[in-house]
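Thanks for coming. I will go through the aromatic rings in this structure, and then the charges over them.

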Amino acid sequence: MNLKKYFVRALHRLQKGPGYTYKELLVWYCDNTNTHGPKRIIKEGPKKKLIWFFLTLLFASLVFWQWGILINTYLSYNVTSSLSIGFKTMKFPAVTVCNANPFKYSEVKHLLKDLDRLIEAALERILQPTPGNSSESPSPPLNLRLWHQIPLVLIDEHDKDNPIILDIFESNQTAGGNQTHDTALPALCPQCSHQGSDNCTYRNFTSAAQAVTEWYILQSTSILSQVPLQDRIRMGYQAEDMILACLYGAEPCNYKNFTQIYHPDHGNCYIFNWGMDEEALNSSNPGAEFGLKLILDISQQDYIPYLSSAAGARLMLHQQKSFPFLKDQGIYAMAGTETSIGVLVDELERMGYPYSDCTNNGSDVPVRNLYSQYNTSYSIQACLRSCFQNHMVEICGCGHYMFPLPEGVNYCNNEDNPGWAYCYSSLRSSIRHRQICIDSCKETCNDTQYKMTISMADWPSEASEDWIFHILSYERDMSTNVTLDRNGIIKLNIYFQEYNYRTISESAATTIVWLLSSLGGQFGFWMGGSVLCLIEFGEIIIDSLWITIINVIGWCRGLRQKRVRYPDAPPTVSELVEAHTNLGFQHEDTGTLPRDEPLPPEPGTPPPNYDSLRVQPLDVLGPESDME
């Protein structure tokens with residue numbers, strides 16, 4: 001009931017307002033608004049009125065156009081980058097060092113024996129492609145099972161018009177002629193000749209060195225993936241053999257201060273200052289004497305000859321509790337040198353949603369992070385590799401040896417998964433799957449990058465190498481004989497160049513304050529308006545709505561009155577007037593009279609005597625007139 005009263009009062013208040021029609025309301029608004037232009041429309045003459053109407057409409061259109069551009073600019077959420085330089089005591093980065101060779105050849109030789117003999121024979125055939133020039137010395141029979149699964153084919157292009165495709169371990173050869181490689185190669189590839197041979201792929205190399213290395217890595221991956229993890233760790237380089245000396249600032253350290261992890265590319269890797277079990281170390285001062293000094297032994301004489309063609313140590317600087325992706329972000333340190341690495345720190349601070357699609361901890365990323373088993377923080381490299389491994393498990397039915405495995409999945413190998421190499425090659429070259437992973441993974445909102453300045457010098461010098469090798473050999477092997485040489489020794493110096501750090505931070509290019517001021521500036525420049533003018537415009541819209549409501553209510557009442565049916569003849573006009581002026585009046589109810597009886601005649605009123613209204617002069621009136 002109270003709501004009805006309030007509604008009625010509002011209608012009555014509106015009736016006392018600017019007008020009852022849209023035209024009256026519009027005229028009232030133009031006459032009372034503070035916006036320039038509308039007043040001139042109703043007060044000027046016809047010609048000027050038309051000019052001012054056109055100008056007002058034009059400038060109003062310009063205002064709305066500018067407003068659209070400003071709002072669209074604000075909703076694009078652009079950012080600006082600012083660079084600031086600070087000075088503080090900084091945490092020393094985590095340092096990961098690995099050997100470029102993942103396993104000791106003496107430990108894995110029995111696993112790679114057939115593969116090594118096969119690659120040696122292949123190299124001999126490649127260097128001597130003509131059967132008559134090959135060595136006639138007898139050799140034990142080769143195990144061609146690995147070769148038939150993934151063969152190497154030699155293409156002799158001395159004659160460009162007629163290339164020769166030669167199977168290395170077969171005497172037959174195929175002349176290319178006008179045939180393409182796709183039609184000539186299946187004849188030399190047994191696994192591509194049977195049913196389902198479309199599951200084959202070819203990779204061309206311009207050098208036999210590249211082809212042999214890639215083929216050996218692919219085959220060794222299948223073999224080593226079947227070896228248990230503990231055995232792979234045992235076959236790698238141990239910390240006590242690899243880390244000969246360690247010094248951090250003025251404090252001595254040893255291999256026990258390093259955390260061991262297994263890396264598929266480099267075998268056993270060791271991380272200093274990872275921050276998993278202890279607090280991260282701070283650097284007291286910049287300079288080489290306050291950094292980390294290491295002497296490493298890479299034992300180059302025990303390298304796998306066909307797996308690792310580079311010799312040295314692989315190292316990487318990264319944040320605490322982050323996984324080291326040395327293949328992408330690591331650097332090499334060469335044997336027989338002292339490598340000095342000066343470090344500068346860049347801190348990146350990105351704005352989150354909606355300004356950028358970054359994540360704080362990876363919880364909002366739809367990819368299952370397989371590197372979480374190491375208890376490391378999220379990174380986009382971990383996300384991309386996890387995404388690829390998840391796709392490979394889904395499509396190929398097994399996981400690749402170079403990435404962590406989901407639960408309940410095994411690594412791919414030639415025995416259990418004969419077609420895994422084709423599946424892996426197709427997936428790696430698939431742009432669609434790569435784009436899916438790129439779209440799914442996100443950058444971290446806060447990141448720390450280490451910029452390195454690297455310099456090298458020969459170490460030890462010729463004058464000092466004798467006593468240095470004697471001391472290091474004695475400390476490692478307790479032997480007076482020299483067991484180390486220049487080809488296996490590396491010295492590393494890692495330090496902060498300075499305590500200045502750079503912070504690259506993002507800030508919003510457009511804020512709500514900028515938007516409001518820009519909208520008001522455009523409105524004031526083109527129309528001479530302000531916020532109060534917008535309130536006035538809102539007021540006229542509300543009044544228009546009220547008028548519309550009143551018109552709708554009146555229209556509904558008119559429909560309802562039209563539906564009223566009178567039992568007999570409708571009331572006369574005099575009865576309606578009398579009922580309006582006299583609230584106690586009730587017209588006679590004729591419904592009680594019978595229809596057949598005629599109504600009594602209504603008494604009539606005689607017409608007025610218009611002659612009595614004539615005005616005569618007083619002197620005309622006589623006695624007779626008085627008697628009358």
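Phe323 and Tyr371 are both buried, where buried means under 20% relative accessible area, exposed over 50% and partly exposed in between, with a 1.4 Å probe and protein chains only. Before going on: this is a predicted model, where local features need pLDDT of at least 70, side-chain atom pairs count only at pLDDT 80 or more, and totals for chains, interfaces and linings use all residues. Residues are numbered from 1 along each chain as its sequence is written, and side-chain values use heavy atoms, with hydrogens and water left out.

Rings of Phe, Tyr and Trp (its six-membered ring) pair if their centres lie within 6.5 Å; planes under 30 degrees apart count as stacked, over 60 as edge-to-face and the rest as tilted. The structure holds 23 aromatic pairs. One of them, Tyr248 with Phe272, is tilted, at 5.7 Å centre to centre and 50° between the planes. Tyr248 lies in strand 6 (residues 243-248) and Phe272 in strand 9 (residues 267-272), 24 residues apart; strands are DSSP runs of E, at least two residues, and helices runs of H or I, at least four, numbered from the N terminus. Both residues, Tyr248 and Phe272, are buried.

Back to Phe323 and Tyr371: their ring centres are 4.9 Å apart and their planes at 55°, so this pair is tilted.

Tyr248 and Phe272 also belong to one aromatic cluster with Phe87, Phe92, Phe258, Phe496 and Tyr499.

Last, the charges. A charge sits over a ring if NZ of Lys or CZ of Arg is within 6 Å of the ring centre and within 35 degrees of the ring normal. Lys88 has its charged end over the ring of Tyr501, 4.8 Å from the centre.
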